[in-house]
Structures are given as structure tokens and as C-alpha cells.
Amino acid sequence: MRLESIENSLLSTTVNSALRKIISRFDIDCEEDGNLMVNSLKQFLGENVILCETCSNLNSKIARPFYEIGSRLLRIEKKFMEERFLDPKYGNAWLKGFALMMKGIEKYGIQIPFTPGGPFEVVWNFTYTCNLKCRHCYEDAGTLKQELSTEEACFAIDSLSKVASVGLPALSFSGGEPLMRRDFFEVAAYARKKIPYLSVATNGTLLTRDNARQLKDVGISYVEISLDGATKDVHEEFRRVPGCFEKTIQGIQNSIDEGLDTCIATTVHRENLDEFESILELSDKLGVRFMHFNYIPTGRAKDLVELDLSPRQRLSILQALGTKIVNLAIQAKQEEANTGKSKTRTDRLFSTCPQYASVVKRIAREKKQDFAVSAHYAVMKGVESVANFLGGCGAGRLYMCLEPNGDIKPCVFLPTDELMVRGNILEKPLEEVWDHDEIFWKLRKRDKLKSYEIKGRSVGCGCCEDKYICGGCRARSYSYFKGDLDEPDIGCIDNKELWKRMNR
Ligand code: SF4
Ligand code: SF4
């Protein structure tokens, strides 16, 4: 059966309502065994899970056949699932993600792109304070404003850990500079008890050996360190505090030495474009991950719109990353075919730019390959068939943001204004926002995205064949089109005529 026909039938009302009914039959929290949806998946993947008589019956009659047929239809490799879901370190986060995916089908039906029953990840801008003065800070950090107290922060974590009665799989502390808050380690340790995957986005200057060790001790899995230049001059021109380059480089080294999963993150713009290759080489040399941050004129960067890359410049970045990642994926595939396993890592190069999916798709096709990447993620080996469901921009759909005062927003790059703040976690249950908020639902739909006729051609995300794997950055649309979330992302090469028109 062709993939498109599978997608179409999954989207049909009859199949959708049947699926929702079937899942609800085994989405049960058994007092003896825990959640059957998760337990039956573990058993399907070969783990020895003891089930009570009722669960055992439901498992053999409904859950197991459901998983058998589902994974075969969607061509999701069982090996891929085993490696993720039964991993001793991160398996729990994957299982929660999986349970949220099932809850999503149960609550809203299958949609393209897909919406889970709760966010896979929350990025928490943990504080407004920062020890640097970056010109492009999205949070406009550095001013003193009301933040959640330690007690309130723990209350927020409790709420996150109960979302959709599954709990949040992944929480990322960002800022401002999260390590500036005195109670950071206390709150992170509390979060670790309730949320399986924790990460930190930091400017690295406070990552002393001691702090790196503490991050590891409290159970932070992943550390993302911002580096805006391969040289002191370029980095500090942006970060505006003399001496911060050496501290950041030392912070990266301390994180590596402590054995933390480390990533160098670079916001690429016109003034550091020439250093992109060198930063990439540095990440290769250090053996760490690399994350390309898309330039979005928001926060302080709103006044620096002239630094935004042209569509062609952005494409050059995405092609460099995309070619690398596709080659790595081909290498991994060959090694697997030859020896049964591969040591090549394909989860090293990321971009927050949703067009990454579209660019990689085109490169992969030229090389007669069928790989999928999604914005913010790397190559998805074993799940190529679900690219349309992952759907590029994940704002308010796969992920959401918390502000330091508990305000809820769909994405950190959307401004903290009246329209984008959709409630506060101290006052409104997160699930209420996730299930019912109109802005969150607007961001999940791609059918209202706009297009324009230019020189006899339709241009824009609305008419793009890749809108379900990309969707354009909605924060860029909001910024360039004065508060409209449905406009085209003019940073995309396919929208270059619009870019030209707006930059005349
Ligand atoms: S036109 Fe829009 S949806 Fe299509 S690839 Fe470009 S940014 Fe993505
Ligand atoms: S709006 Fe979407 S693509 Fe843009 S930064 Fe947010 S999640 Fe990423």
C-alpha cells in the first residue's frame, strides 16, 4: 500500500473514529500494573512485563494487534522503537512521548501535521536576568521583573508532570541565563524527580567545573551553549561583555570534560555568516552536537532586522548542514548493511529553521535516499514515513514555552504580548490551554497559511507542497507581518520574491 493512501485512509473520519475508540479501550490506568498503553508497548517490544488478568486479556486482544499492524503500516522499524523505548537512560522520556502521541489520537484524531495529547517539550525561560548583554536576545533579558518563586516554580513542575495524565517527557531551562538564578540547582533537582529528560540552554560563561559537575549530579541530560563566533571579536561584538568568549569556550570544555551531552548553538546572521564553517568545524573537532538557530527578528533582534539572512544565505547554511547529515545517514546505512550495526552518529546536526526538512528532503532525493528531518531534530532513521506528521514548526503543537513569571506562550520566539500570552501556569491548567486555546489550534493548522500571486506564480507557505513537513517559522511571520501568524516565512528560498518585495 502506498504511503499517501495510508495517510489518506488514516485521516478519514471512519478510520479516525475507529482508532480513537480502539485506543480508548486500552488507555487505562490499572491500579495493579500502571498504564496499559505503555505496558503493552513494552511487552510488544520484548520486555517482560507482568500484567493482571484483565490487562493481559486487553493486551492480547486489542493492544498487541494494534501495535503490530500500526508499526507495519507506518513502516516504523521495530529495532528503532526498541532502541528508543527500552533505553535505560532515556526510555522513560520516549515512552511518555509515545503515550502523549496515543492520547493525541484519542483526543483529537489523526491530523497532519500531528498534535499529541500534551507537549513533548516545554522550554522554560527560567529567568529574566543575564550576565551578558546580547544584541539579539529574544527575551530582552537584563531587566528586573517579577519571576516565579522557588515554591511556585515547583508548583509549575508539578503541573507539567501531570499533563494529560502522562506527564511531560522533556523540559529545557533557558533564559536569560538560567544559571543566574540561585535556586537553579534546587529547582532542577526537583524537576528531575518528575520529568525524565532535562536540558539547559546557557551562554556558558558560568559553566565552571563545579557548575558542570552539579548539572550532571542533578541529572541534566543535555547542555546547549551559545557561541556566536569562532573568534573573540565576532562573539563579543554580539554578546557585549569583554572576556566572555574565553569563558564560554572554557564552559564548553568543562561540559565535555564532565561527560555531559554538549551542543554548540549558533544564531547565524549577516555579521557571523563567515564564521559558520569554522564553528561547525569546532563542533566536529570537539565531538559535540551543533544547533543552527534561525535568525528571528524578535525581542532585541526586532531592532536589528537588517541582520536577517537573505533566503539564499539561509539556504547555503541549510544545504551545508543537510548535505552533511544526509551523507552521515548514508554512511550509517551502509555500515549497518555491511556489519549489522553502525557507529556513525546521525543525531549531531540540528536547525531550528523549519525549511531544514524541505532542504534535506530535496538533497536526499537527489541522492536517491528517503530521509526525514524535522525542525529542531536530526535525521529520523526508521521513521521516514512519519515526516508529514512531525510537521516542521512545532510551536504550540509539539512544544510550548513558559516565561519566568509562569506565562504560557506557544514558542519562545513569539513575543510576550497580549495576544501570545495564553494564560499563566499558576492560574490556568496547562491542559486547558493545550486542549482548547484558539492560538494554539491556529498554529497547528496549515490550511489557512497565505500565498500571493507574483509574476504569474503563486508564492508563499499556503501553496507550498512542503507545508506539512515545514510550515515556515510562524514567529518570523508574526514579526514581519505585524502580528499575523498565517503569512509566509519570507526567509525561505521558495519565497524569495516576497523577500525582495519587502526589502525594496
Ligand atoms: S514556502 Fe513556507 S512551507 Fe514551503 S518550504 Fe518555504 S517556509 Fe516551508
Ligand atoms: S515559530 Fe516554529 S519554527 Fe519558529 S522558532 Fe518557534 S517552533 Fe521554531
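Lys455 lies in the loop between strand S12 (452–454) and strand S13 (457–459), where helices (H or I, at least four residues) and strands (E, at least two) are DSSP runs numbered from the N terminus. This is a predicted model, in which local features need pLDDT of at least 70 and side-chain atom pairs count only at pLDDT 80 or more, while totals for chains, interfaces and linings use all residues. Residues are numbered from 1 along each chain as its sequence is written, and chains are lettered from A and ligands numbered from 1 in the order in which they are written. The protein chain contains 19 helices and 13 strands.

**Backbone exceptions**

- Most residues other than glycine have a negative phi, and most peptide bonds are trans.
- Lys455 is not a glycine, yet it has a positive phi of about 50°; with 6 C-beta neighbours inside 10 Å, Lys455 counts as exposed, a residue being buried if 20 or more other C-beta atoms lie within 10 Å of its own, exposed if 12 or fewer, and partly exposed in between, with C-beta atoms placed from the backbone.
- Asp140, in the loop between S3 and helix H7 (150–160), likewise has a positive phi of about 50° although it is not a glycine, and its 17 C-beta neighbours inside 10 Å make Asp140 partly exposed.
- The peptide bond from Ile112 to Pro113 is cis, with omega near -5°, and Pro113 belongs to the loop between helix H6 (91–108) and strand S3 (121–125).
- Gly175 and Gly176 are also joined by a cis peptide bond, for which omega is about 15°; Gly176 is found in the loop between strand S4 (170–174) and helix H8 (184–194).

**Overall dimensions and packing**

- Along its principal axes, the C-alpha trace of the protein chain spans about 65 × 60 × 50 Å, and buried residues make up 48% of the 504 residues.
- Of the contacts in the protein chain with a separation of 6 or more, 67% are between residues 24 or more positions apart, two residues being in contact if their C-beta atoms, placed from the backbone, lie within 7 Å.

**The nine-stranded sheet**

- Nine strands form an open sheet with mixed pairing, in the order S9-S8-S7-S6-S5-S4-S3-S10-S11; two strands pair if DSSP finds at least two bridges between them.
- Strand S9 (349–351) and strand S11 (408–409) stand at the edges with a single partner strand each, so one side of each is left without a neighbour in the sheet.
- Strand S7 (residues 261–267) pairs with strand S8 (residues 289–293) in the parallel sense over five bridges, and in S8 the bridge partner of Thr267 is Phe293.
- Strand S6 (residues 222–226) also pairs with S7 in the parallel sense over five bridges, with Ile225 standing opposite Ile264 in S7.
- Because six of the seven residues of S7 are buried, S7 is largely enclosed by the rest of the structure.
- A right-handed β-α-β unit is made by S7, helix H12 (residues 276–286) and S8; a crossover is right-handed if, with the strands pointing away from the viewer, the path from the first strand over the helix to the second runs clockwise.

**Surroundings of Leu328**

- Leu328 is part of helix H13 (residues 311–339) and, with 20 C-beta neighbours inside 10 Å, counts as buried.
- Although Leu328 and Arg345 are 17 residues apart in sequence, they are 7.3 Å apart in space, C-alpha to C-alpha.
- Leaving aside its neighbours within four places in sequence, Leu328 is in contact with Thr344 and Thr346.

**Ligand shells**

- Ligand 1 is surrounded by 15 residues, the closest being Cys461, Cys464, Cys470, Gly472 and Cys492; a residue is near a molecule or strand if its C-beta atom, placed from the backbone, lies within 6 Å of it.
- The shell around ligand 1 has six nonpolar, five polar and four charged residues, where Ala, Val, Leu, Ile, Met, Phe, Trp, Tyr, Cys and Pro count as nonpolar, Asp, Glu, Lys and Arg as charged, and the others, Gly among them, as polar.
- Eleven residues surround ligand 2, the closest being Cys393, Ala395, Cys411, Cys473 and Ala475, and its shell divides into eight nonpolar, two polar and one charged.
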